[in-house]
Amino acid sequence: MSGEAAVFARRLTRRFGDFTAVESLDLEVAGGEIFGFLGANGAGKTTAIRMLCGLLPPSGGEARVAGCRVGRDTGALKRRIGYMSQRFSLYEDLTVLENLEFFGGVYGLGRAELAARADELLPRLGLDAERGRLTGSLPLGYKQRLSLGCALAHRPRVLFLDEPTGGVDPVARRGFWDLIYEQAADGVTVFVTTHYMDEAEYCGRVSIMVQGRIVALDTPSGLKDRTGGADMQDVFLRLVDA
Amino acid sequence: MNAADGMSGAAIRVEGLRKSYGERTAVRGLDLAVASGRICGLIGPDGAGKTTTMRIICGLLRPDAGVARVLGRDSAREPRAVREHLGYMPQRFSLYPDLTVAENLRFFADLFGVPASERVRREAELMEFSRLGPFRKRRAGQLSGGMKQKLALSCTLIHTPEVLVLDEPTTGVDPVSRREFWRILRELAGRGLALLVSTPYMDEAGLCDEVVLMHEGRAIARGTPDEVAAAFPRRLLEVRGAGLPAALAILTASPRRGVKVHRYGDRLHVVHDDAAQTAEVARLLAGAGVELHPVAPGIEDAFVELMTAPAGGEATP
């Protein structure tokens, strides 16, 4: 089964000199799962993500993401993953459609393919009526959906989200997660990092990292039952204090 | 701490505040009062008008209508007098990354004209209570996000203000540092400061004495966090278990009037109105392999309900 996992790590380790940022990380995330990867600052989260995205070679252990060996098939890996951050980098003076075409183009999609992908994505993102609008003039919730579209343009198999819904109102946030659930239902694996535990509540399973190691991994409800925490914030603090 | 604003005890008082930027209205008729010793949370998404409100209170921006008073003084007319007693921490507080922790504090002490006789004592006090003492010789640029926020707060406090206005101080800060930061804010309130703190995160509401939920320039609800959550007029049922996808399919296939389903990672929240609907949802989901539990609504549930409710008056419990 482990060969089938969308994100798989075994004893994945990264050292910087004497300091071990990530220590023997084991992880198995299935296709279509929404996985929350949590931890305090300095816990090793960013280092782990950078390895999984092919940006940093591991010092030990192994990992596969979307079927690519981390540290080996780097080019193929980058084409099979998508990345969206709260600080999205949309071009404000391009239209919605132009942004989507630009980011798809970066990943090597041809003209016809881009047009077809835009026709498919824009209605799903609720942005079809806005395709000719300048991105800078859009409300934040729309920009966020467009950013998601740009990260999805090249049909990645694994999508990395970094604090994806920071700053948006709770209605827009719920709408955004509904889009994520649709992607997951289509088989896209979603890997979420966030400092905000109300975002963690939307994940199917979460792991919590402390000092380079994963100290807990379960569903949000499972973690609440186990730690007696009322919400994920409470769970997180109890595990970090333990 | 001298009692502010005469008898009412409100250190910050905002009445009928309005502000537009050209065509765009940022604040449309806001009232607000924060008493000494209290933490008031201004809660709302980006664009709700939080920053504009704060900048008017601090005397950095003139309102189009209405008035903001700090310790009884009009922020628009006497901005300097107001700033003497007020600490303001904007979203992007400018620390000098090349200066050490201690040097940054000294710089702000100069800026605010803290007398030399008080400076050493004040610095020591702030280091102690922010727990930045061991890092006093570290450059600000090399601090973690949480420590930077604590240093920024310390700089904001250097002139011993009685009123603190903090604009999204915990954005981007991890949960452990956030807890530490809120511990400090609670301690400041305990010393009698009035604090107005904005946040886009509903889960911070519970840490405030009172909250004002802001949406599109208006207060849509206010009160203690419990009061605001209790203003959610509907019932919530949590659905959990292995049969979750089946349960979601059943509820989606047979939509009921007034019944809303919100999906979370490993559970559903079913919003509905009465016992009859509770029973109906239970009947629909019998045999789906899920458990149902009634759960108490949170601030976010109240916010969503108020945002999507037809426009009307503000909910004031």
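Reader: Which ring does the charged end of A:Arg145 sit over?

Author: The ring of A:Tyr142. The charged end of A:Arg145 is 4.7 Å from the centre of that ring. Keep in mind that this is a predicted model.

Reader: B:Arg263 also lies over the face of a residue. Which one, and at what distance from the ring centre?

Author: Look at A:Tyr181. B:Arg263 lies over its face, 4.1 Å from the ring centre. Note the chain letters: the arginine belongs to chain B and the tyrosine to chain A.

Reader: Now rings against rings. How many aromatic pairs are there over all chains?

Author: The count is 14. One of them joins A:Phe176 and A:Trp177. Their ring centres are 6.4 Å apart, and the planes stand at 85° to each other. Planes over 60 degrees apart count as edge-to-face, so this pair gets that label.

Reader: Is A:Phe176 buried or exposed? And A:Trp177, buried or exposed?

Author: Buried means under 20% relative accessible area. A:Phe176 has 1% relative accessibility, so it counts as buried. A:Trp177 has 0%, so it is buried too.

Reader: How do the rings of A:Tyr202 and B:Tyr264 pair?

Author: Their centres are 4.8 Å apart and their planes make an angle of 35°, so the pair is tilted. A:Tyr202 is in the loop between helix H7 (197-200) and strand E9 (205-210) of chain A. B:Tyr264 is in strand E12 (residues 260-264) of chain B, so the pair joins two chains. Both A:Tyr202 and B:Tyr264 are buried.

Reader: Which residues do ring pairs link to A:Tyr202 in a cluster?

Author: A:Phe176, A:Trp177, A:Tyr181 and B:Tyr264 join A:Tyr202 in that cluster.

Reader: On to helices. What describes two packed helices?

Author: The angle between their axes, and the distance between those axes.

Reader: Which residues of H3(A) and H5(A) meet?

Author: From H3(A), take A:Val96, A:Asn99, A:Leu100 and A:Phe103. They meet A:Leu146, A:Gly149 and A:Cys150 of H5(A).

Reader: At what angle do helix H3 and helix H5 of chain B cross?

Author: Roughly 30°, with the axes coming within 9 Å. Here H3 covers residues 101-111 and H5 covers residues 145-156. That angle makes H3(B) roughly parallel to H5(B). H3(B) passes H5(B) in a right-handed crossing. On the H3(B) side, B:Val101, B:Asn104, B:Leu105 and B:Phe108 make the meeting. Their partners in H5(B) are B:Leu151, B:Ser154 and B:Cys155.

Reader: Back to chain A. Where is A:His154 placed?

Author: In the loop between helix H5 (140-152) and strand E7 (158-162). At 10% relative accessibility, A:His154 counts as buried. Leave aside its neighbours within four places in sequence. The contacts of A:His154 are then A:Lys78, A:Arg79, A:Ile81, A:Gly82, A:Tyr107 and A:Leu109. A:Leu114 is 40 residues away along the chain, yet its C-alpha atom is 8.8 Å from that of A:His154.

Reader: Last, the whole of chain B. How many helices and strands does it have?

Author: It has 10 helices and 14 strands. Its C-alpha atoms fill a box of roughly 75 × 45 × 35 Å along the principal axes. Of its 317 residues, 51% count as buried.

Notes: Residues are numbered from 1 along each chain as its sequence is written. Chains are lettered from A and ligands numbered from 1 in the order in which they are written. This is a predicted model: local features need pLDDT of at least 70, side-chain atom pairs count only at pLDDT 80 or more; totals for chains, interfaces and linings use all residues. Side-chain values use heavy atoms; hydrogens and water are left out. Rings of Phe, Tyr and Trp (its six-membered ring) pair if their centres lie within 6.5 Å; planes under 30 degrees apart count as stacked, over 60 as edge-to-face and the rest as tilted. Buried means under 20% relative accessible area, exposed over 50%, partly exposed in between (1.4 Å probe, protein chains only). Helices (H or I, at least four residues) and strands (E, at least two) are DSSP runs, numbered from the N terminus. A charge sits over a ring if NZ of Lys or CZ of Arg is within 6 Å of the ring centre and within 35 degrees of the ring normal. Axes are lines fitted to C-alpha atoms, for helices over the stretch in contact, and angles run from 0 to 180 degrees between N-to-C directions. Angles under 35 degrees count as roughly parallel, over 145 as roughly antiparallel, 65 to 115 as roughly perpendicular and the rest as oblique. A crossing is left-handed if the near helix is turned anticlockwise from the far one by less than a right angle, and right-handed if clockwise. Contact means heavy atoms within 4.5 Å.
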